[in-house]
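Here is a short briefing for a first look. Keep the sequence and the 3D view side by side as you read.

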Amino acid sequence: MVYAVDHPHDQHQHKLHHQRFNVILRFPSWKNERTVASYVDGRIVKILPTDPKFAQKKVEDILELIDSELGFSQNISTTRVSYLYVSDQQQVTGCLIAEQIKRGFPLLETMTSSGMMSCSLQSTPVTCGVSRIWCHAPHRKRGVATRLMDALRCSFVLGERLNMNQVAFSDPTISGKSFATKYFKTPHFLTYNCST
């Protein structure tokens, strides 16, 4: 949030924004949470569309925050599967939103005339699409996004580990493209909802 430090009204609005941000990211343990991975500094909780309303509300609040930070909003499937990285301080420090899809398209090096990323016309069958992947700024470059992707691949389909070529990214941001290129070890990773 941009604000004037010496302006009392702006200071008050910044304080309210900061408090709301902290409330949204606070995550006490839930009685029947579905932990799919545990680490020394946190855990990853999987939330299904059939989970209770309070769990869905938590994801909606976090999604609103993510969309605000990324600067866009996109319709997400009501059958989405959400993964939250919860730190040992009981704060959400990362989030991944996935959905079941059938086709992915390799990202191309060329851009469209409007400066958008473009993808191949030739599709590949895939199982899962990553609609959003986000990490809270102070926790970036610490492996949170990689752990979220690994947890997704191990738990999206019960009893099966997804291969890299079974996962596609939604139209990525510049940072998303950079992360996906490193994670998939290719700049031609699979995408969906991308310009052709």
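Which side chain meets Arg-34 in a salt bridge? Asp-51 does, with N and O 2.9 Å apart. This is a predicted model.

**Overall chain**

- The protein chain has four helices and ten strands.
- Along the sequence, their order is α-β-β-α-β-β-β-β-β-β-α-β-α-β.
- The protein chain has 196 residues, and 43% of them count as buried.
- Take the contacts between residues at least 6 apart in sequence: 62% of them join residues at least 24 apart.
- The chain exposes about 11000 Å², with 54% of it supplied by carbon and sulfur atoms.

**Salt bridges**

- Side chains of opposite charge can pair when their charged atoms come close.
- The structure holds six salt bridges. Three of them are described here, beginning with the pair from the opening question.
- Asp-51 and Arg-34 meet through their side chains in a salt bridge. Asp-51 sits in the loop between β2 and α2 (53-70), while Arg-34 is in strand β1, so the pair ties together parts 17 residues apart in sequence.
- Asp-51 has a relative accessible area of 17%, under the 20% limit, so it counts as buried. Arg-34, at 29%, counts as partly exposed.
- Arg-43 forms a salt bridge with Glu-33, and their closest N and O atoms are 2.6 Å apart. Arg-43 belongs to strand β2 (residues 42-47) and Glu-33 to the loop between α1 (8-25) and β1 (34-39), so this bridge ties together parts that are ten residues apart in sequence.
- Arg-43 and Glu-33 are both buried.
- Arg-147 and Asp-41 also meet in a salt bridge, at 2.8 Å from N to O. Arg-147 is in helix α3 (residues 144-155) and Asp-41 in the loop between β1 and β2, so the parts tied together are 106 residues apart in sequence.
- Arg-147 is partly exposed at 23% relative accessibility. Asp-41 is partly exposed too, at 34%.

**Cysteines**

- How many disulfides does the structure hold? The count is zero.
- Cys-95 is buried, with a relative accessible area of 0%.
- Cys-135 also counts as buried, at 9% relative accessibility.

**Ser-120**

- Ser-120 lies in the loop between β6 (117-119) and β7 (124-125).
- Ser-120 is buried, with a relative accessible area of 17%.
- The side chain of Ser-120 reaches the backbone nitrogen of Gln-122 at 2.9 Å.

**Helix α4**

- Which residues of helix α4 (residues 174-184) are buried? They are Gly-176, Phe-179, Ala-180, Tyr-183 and Phe-184.
- These residues cover an arc of only 115 degrees around the axis, so they lie on the same side of α4.
- An α-helix has 3.6 residues a turn, so residues three or four places apart point the same way.
- The buried residues of α4 pack against β8 (128-135), α3 and β9 (167-170).
- Ile-174, Ser-175 and Lys-182 are exposed, on the face of α4 turned away from its buried side.
- Just after α4 comes Lys-185, with a positive phi of about 60 degrees.

Conventions: Residues numbered from 1 in each chain as written. Predicted model: local features only at pLDDT ≥ 70, side-chain atom pairs only at ≥ 80, totals over all residues. Heavy atoms only, no water. Salt bridge = Lys/Arg side-chain N within 4 Å of Asp/Glu carboxyl O. Helix = DSSP H or I, 4+ residues; strand = E, 2+ residues; numbered from the N terminus. Buried < 20%, exposed > 50% of the residue type's maximum accessible area, 1.4 Å probe, protein only. Disulfide = S-S within 2.5 Å. Polar contact = N/O pair within 3.5 Å; in protein donor to acceptor, adjacent residues only side chain to side chain. Contact = heavy atoms within 4.5 Å. Areas by Shrake-Rupley, 256 points an atom, 1.4 Å probe, with all protein chains shown as cover. Arc of directions from axis to C-beta.
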